[in-house]
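Please open the model in a viewer and keep a selection tool at hand.

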Amino acid sequence: LTGDPAVDLDRVHAELSEFKHKNESRVIHLEEQLHQEVKRRSYAEQELQESIRKDESAAMERRELVSELKSERLRYGQMRLKFAEQQRISDAHTKTLKERVAWLEKMREAGDSSLTS
């Protein structure tokens with residue numbers, strides 16, 4: 001301080017004005033940083049929500065595919081059982097036909113031998 005109240009007052013006003021200016025600049029800078037951080041977090045939250053939505057969608061699709069696979073396995077098992085039953089019936093018919101053919105051949109042979117004797 002100079003001892004002169006007018007000079008000292010001017011100097012204090014100048015320092016106060018400089019301090020206010022620096023403070024206002026700092027506030028503006030911090031507000032800009034805050035705004036950028038809010039935007040960045042908002043974007044990150046949107047990405048997170050999109051990622052969650054995609055994960056949930058993939059999980060749902062996975063559950064649907066697992067359910068479909070179980071249904072197909074069940075259907076395949078039922079078809080195998082039907083096929084086995086049809087094969088059994090076919091085998092029984094084949095056996096019956098073979099037995100009839102054998103019987104007819106025996107009868108024919110018996111008839112042929114009666115003709116030749």
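Select Glu85 first: this residue is partly exposed, at 34% relative accessible area (buried means under 20%, exposed over 50%, and partly exposed in between, with a 1.4 Å probe and protein chains only as cover). A salt bridge here is a side-chain nitrogen of Lys or Arg within 4 Å of a carboxyl oxygen of Asp or Glu. The two residues are three apart in helix α1, which means that about one helical turn separates Arg88 and Glu85. Helices are DSSP runs of H or I with at least four residues, strands are runs of E with at least two, and both are numbered from the N terminus.

The model is predicted, so local features need pLDDT of at least 70 and side-chain atom pairs count only at pLDDT 80 or more, whereas totals for chains, interfaces and linings use all residues. Residues are numbered from 1 along each chain as its sequence is written, and side-chain values use heavy atoms, with hydrogens and water left out.

Next, select Glu37 and Arg41. Their salt bridge has its closest N and O atoms 2.7 Å apart. Both residues lie in helix α1, four residues apart, or about one turn of the helix. Arg41 is exposed at 56% relative accessibility, while Glu37 is partly exposed at 27%.

Move on to Glu18 and Lys22. This pair also forms a salt bridge, with 3.2 Å between the closest N and O atoms. Glu18 and Lys22 are four residues apart in helix α1 (residues 5-116), and therefore about one helical turn separates them. Glu18 is partly exposed, at 46% relative accessibility; Lys22 is exposed, at 52%. How many salt bridges does a search of the whole structure find? The search finds six.

Now select Trp103, Leu104 and Met107. These three form a nonpolar patch on the surface, with about 350 Å² of accessible area together. Patches consist of residues with over 30% relative accessible area and no salt bridge, like charges being joined within 9 Å and nonpolar side chains (Val, Leu, Ile, Met, Phe, Trp, Tyr) within 5 Å. Accessible areas come from the Shrake-Rupley method with a 1.4 Å probe, and for residues only the protein chains shown count as cover. Leu104 is found in helix α1.

Finally, select the whole chain. It has one helix and zero strands. Its C-alpha atoms fill a box of roughly 165 × 20 × 15 Å along the principal axes. Of its 117 residues, 1% count as buried. The accessible surface of the chain comes to about 11200 Å², 58% of which belongs to carbon and sulfur atoms.
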